[in-house]
Amino acid sequence: MNEKETKNMIVDDMLLTVDMPTTAGSKMLAGYQSPIAADAILRAEAAGYTLLGKADVGEFVIDLLGETATRGARMRDGVLKNATVEMLLAGEAVVALCLDVNGYPRRAAAQEGLICLKPTFGAISRQGVVSVAPSGETVDILARNTEECRELFHAVSNCDSAEHATIHRVAVLTSFQKDVNDDVKQAISTAVSALENSEISITYIKKDLVSAAKAAWNIILCAELCKNTARYDGVRYGYCAEKFSGLDELYTNSRTEGFGDLVKAAILYGSEVLSARNYQNVYDKALRVRRVIADEFSKLFEKFDAILLPVCSQMEYIEEQIAHDKYIAFEENRFTAPASLTGLPAVVTGGVQLIGKTNSEHALLNLAKILAGEGE
């Protein structure tokens, strides 16, 4: 991008801005105005991007696609839609910055045919975000094509990965096959064919990294969410209840009224796993599982350059499904949890996800370019 050229950008409501409120999709932060802007926004603006606005998010972005936002779920023809993606598809901006805590940007990109880059943990600064799970959350990039995604990543990242790196060997995880529908299986088959046509070696492996990663990530996510939301007490931060008698009731009423059901459930579970009786057997064990899974990925990357797996079990979520199971996000994250848990980079395109080695973002984008059918 030359010095005179500007590109329109949006951010989700987890990134702090000085001229727009930041609510994190929660009544608890309604009307909050930050005195600082997120570092990623400042870097993008310095590179010539213009921030046009913010997109609604689900409460603290731990849901599927934004259905727990204070303004309610965004539905079209009975199908759940994501606000950030809708703005990109409408042409309101060419790129977006989103906080990836529980996988929503990757699911949204997969279901709507966009590119999503989840960078290596720490590659894009999280300074100036509403932090939820600081040991695994990342600032992701959503874009309409790989070059727009690459350009913004270059502008906002802290690292210099090799732009012309190539990938020759891809492993396809097969352990998830029973958990996805035919549309997802077709997306995987299409992706494999495209890679093979580009003379990339494909190997099918049965490593069961997904279920273990999901369990560990849900424990760590809820524990860290519990700790990070403790500050919202109706006194120092956040929504304050109008009716109360005494300090304890102020805390209780403010948090009961300010948080939604999904966040409250996560806080309660997080409090439980951090309790004295469960800390060693649950939370500490989840941290150990994280290390084991990271080691397993390291071993895989001695043989392969990237790992291909789904992003979600289906290509759309319908209204009845969400109403029936309000905790579905903690099941669907079994596909996004491995990269979140280990801090590895991932790229989503064509309805599939590719996880790569640390700092292999440009190599993954080269793969995404093949899958997206973009010319040289």
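Threonine 349 is buried, at a relative accessible area of 3% (buried is under 20%, exposed over 50% and partly exposed in between, with a 1.4 Å probe and protein chains only). The model is a predicted one, in which local features need pLDDT of at least 70 and side-chain atom pairs count only at pLDDT 80 or more, while totals for chains, interfaces and linings use all residues. Residues are numbered from 1 along each chain as its sequence is written, and side-chain values use heavy atoms, with hydrogens and water left out.

Threonine 349 belongs to strand β11, residues 346-349 (strands are DSSP runs of E with at least two residues, helices runs of H or I with at least four, both numbered from the N terminus). Setting aside residues up to four places away in sequence, threonine 349 touches Leu114, Ile115, Ala368, Leu371 and Ala372, where a contact means heavy atoms within 4.5 Å.

Now for the sheet. Its 10 strands form an open sheet with mixed pairing, in the order β2-β1-β5-β7-β6-β11-β12-β10-β8-β9; two strands pair if DSSP finds at least two bridges between them. At the edges stand β2 (49-55) and β9 (201-205), each with a single partner strand, so one side of each has no neighbour in the sheet. From one strand to the next, the twist averages 25°. Strands β8 (residues 169-173) and β10 (residues 306-310) run parallel and are joined by three bridges, and valine 170 sits opposite alanine 306 in β10. Lying across β8, β9, β10 and β12 (352-356) is helix α5 (residues 182-197), which runs at about 155° to β10. Axes here are lines fitted to C-alpha atoms, for helices over the stretch in contact, and angles run from 0 to 180 degrees between N-to-C directions.

Helices also meet each other. The axes of α1 (residues 39-46) and α4 (residues 146-156) come within 8 Å and cross at roughly 110°. The two are therefore roughly perpendicular (65 to 115 degrees; under 35 is roughly parallel, over 145 roughly antiparallel and the rest oblique). On the α1 side the contact is made by Ala40, Arg43 and Ala44, and on the α4 side by Leu152, Ala155 and Val156. These residues split into five nonpolar, no polar and one charged, with Ala, Val, Leu, Ile, Met, Phe, Trp, Tyr, Cys and Pro counted as nonpolar, Asp, Glu, Lys and Arg as charged, and the others, Gly among them, as polar.

On to the rings. The whole structure holds five aromatic pairs (rings of Phe, Tyr and Trp, the last by its six-membered ring, with centres within 6.5 Å; planes under 30 degrees apart are stacked, over 60 edge-to-face and the rest tilted). One of them is the edge-to-face pair of tyrosine 232 and phenylalanine 259, 6.4 Å centre to centre with 70° between the planes. Tyrosine 232 lies in the loop between α6 (210-228) and α7 (247-258), and phenylalanine 259 in the loop between α7 and α8 (261-273), so the pair ties together parts 27 residues apart in sequence. Both tyrosine 232 and phenylalanine 259 are buried. Ring pairs link Phe60, Tyr232 and Phe259 into a cluster.

Tyrosine 279 and tyrosine 283 make a tilted pair, 5.3 Å centre to centre and 50° between the planes. Both lie in helix α9 (residues 279-300), four residues apart, about one turn of the helix. Tyrosine 279 is partly exposed at 34% relative accessible area, whereas tyrosine 283, at 12%, is buried.
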